[in-house]
Amino acid sequence: MNQVKVIISNDQKAVKIPTGIRLLIRRCCHAVLEEEGFSDNAEVSVRFVDNEIIHELNRDFRNVDRETDVLSFPLGENGVYDTNLDTGAKLLGDIVISVPKAVEQAELYNHSLQREIGFLTVHSMLHLLGYDHERGGIEEVHMREKEETVLTKIGLKRDNSYYMEEE
C-alpha cells in the first residue's frame with residue numbers, strides 16, 4: 001500500500017474531540033486499505049458533525065428523515081475512482097460522523113468512544129470501497145466480518161459489550 005491522505009475536519013461544537021481520535025481515524029483508514037490490498041495512493045475526507053447536520057444530510061441525500069451515526073459518500077464505483085490530478089491519489093470519498101451520536105452509542109454498547117469512532121470509520125471505509133450491508137444476507141455478514149478483522153488488527157477487538165442488559 002502506498003500513501004493515504006486522510007483529511008479530517010471538525011464542524012461541530014457539541015463534543016470535544018478527545019486526544020488521539022484523529023490518529024485513530026488515520027490508522028483505521030490505513031488498516032482497511034491494507035486489509036483490502038488497495039495498492040494506490042488514496043485520499044479520504046472525514047468530517048465530524050452534530051446530530052442536526054447529519055440529520056439534514058441523511059434527509060437530503062438518502063431521503064431518510066432522521067439522524068444517523070455515520071454517512072459514506074463514495075467517489076468511485078466498481079474499483080474505479082476519481083483521481084487527484086495534482087497527486088495521482090485515488091479519491092475514495094467522504095465520511096461524515098455524528099460525534100454526539102457516537103458518544104451515545106458508545107454509552108449504549110458500553111464500550112469506549114475510541115471503539116465506536118473506530119468502528120464507524122472502518123464501516124464507512126468499507127462502504128467507500130463498495131461493500132454494502134443494507135441488502136442483508138451474506139453481504140452483511142461478509143462486511144461485519146471484515147469490520148471485526150480490521151478492528152482486531154488495530155487493537156479494538158470486540159468484546160461482549162454488545163449484549164445489553166434488560167431492565
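In which helix is the place of Glu34?

**View 1. Glu34 in helix α1 of the predicted model.** Glu34 has its place in helix α1, which comprises residues 21-35; helices (H or I, at least four residues) and strands (E, at least two) are DSSP runs, numbered from the N terminus. This is a predicted model, in which local features need pLDDT of at least 70 and side-chain atom pairs count only at pLDDT 80 or more, whereas totals for chains, interfaces and linings use all residues. Residues are numbered from 1 along each chain as its sequence is written, and side-chain values use heavy atoms, with hydrogens and water left out. Glu34 and His142 are 108 residues apart along the chain, and their C-alpha atoms are separated by 17 Å.

View 2. Asn51, Ile54, Leu57 and Asn58 are the buried residues shown in α2. Seen down the helix axis, the buried residues of α2 fall within an arc of 125°, so they line one face of the helix, the arc being that of the directions from the helix axis to the C-beta atoms. An α-helix has 3.6 residues a turn, so residues three or four places apart point the same way. Glu52 and Asp60, on the other side of α2, are exposed. The cover over the buried residues includes strands β2 (42-49), β3 (70-74) and β6 (90-98) together with helix α3 (99-108), where contact means heavy atoms within 4.5 Å.

**View 3. The two ends of helix α2.** At the start of α2, a side-chain oxygen of Asp50 comes to within 3.2 Å of the backbone nitrogen of Glu52. Such a polar contact is a pair of N or O atoms within 3.5 Å; within protein, one must be able to donate a hydrogen and the other to accept it, and residues adjacent in sequence count only if both atoms are side-chain atoms. Just after α2 comes Asn63, with a positive phi of about 60°, in the loop between α2 and β3. Asn63 counts as exposed, at 70% relative accessibility.

View 4. Ser98 has its place in strand β6 and is buried, with a relative accessible area of 0%. A polar atom of the Ser98 side chain lies 3.3 Å from the backbone nitrogen of Lys101. Not counting residues up to four places away in sequence, Ser98 touches Val49, Asp50, Asn51, Ile54, Thr68 and Asp69. Pro100 is found in helix α3 and counts as buried at 17% relative accessibility. When neighbours within four places in sequence are left aside, the contacts of Pro100 are with Gln12, Ala14, Val15, Val49, Asp50 and Asn51.

View 5. The 16 residues of α4 should span 22 Å at 1.5 Å a residue, and the end C-alpha atoms are 22 Å apart, which agrees. Of these 16 residues, 15 are buried, so α4 is largely enclosed by the rest of the structure. Gln114, found in α4, counts as partly exposed at 32% relative accessibility, and its contacts, not counting residues up to four places away in sequence, are Pro18, Ile21, Leu24 and Leu156. In the loop between α3 and α4 lies Asn110, which has a positive phi of about 60° although it is not a glycine. α4 is followed by Gly130, whose phi is positive, near 105°.

View 6. The largest pocket has a volume of about 550 Å³, a volume being the space filled by probe spheres set on grid points that are joined across faces, edges and corners. On a 1 Å grid over the protein atoms alone, a pocket is an open set of points where a 1.4 Å probe fits, with protein on both sides within 12 Å along at least five of seven lines, and lining residues have an atom within 4 Å of a point. Among the 19 lining residues, Arg62, His123, His127, His133 and Glu134 are the closest to the centre of the pocket. Helix α2, strand β3 and helix α4 (113-128) each supply at least two residues of the lining, and β3 gives the most, with five residues.

Note on methods. Buried means under 20% relative accessible area, exposed over 50%, partly exposed in between (1.4 Å probe, protein chains only). The expected span of a helix is 1.5 Å times one less than its number of residues.
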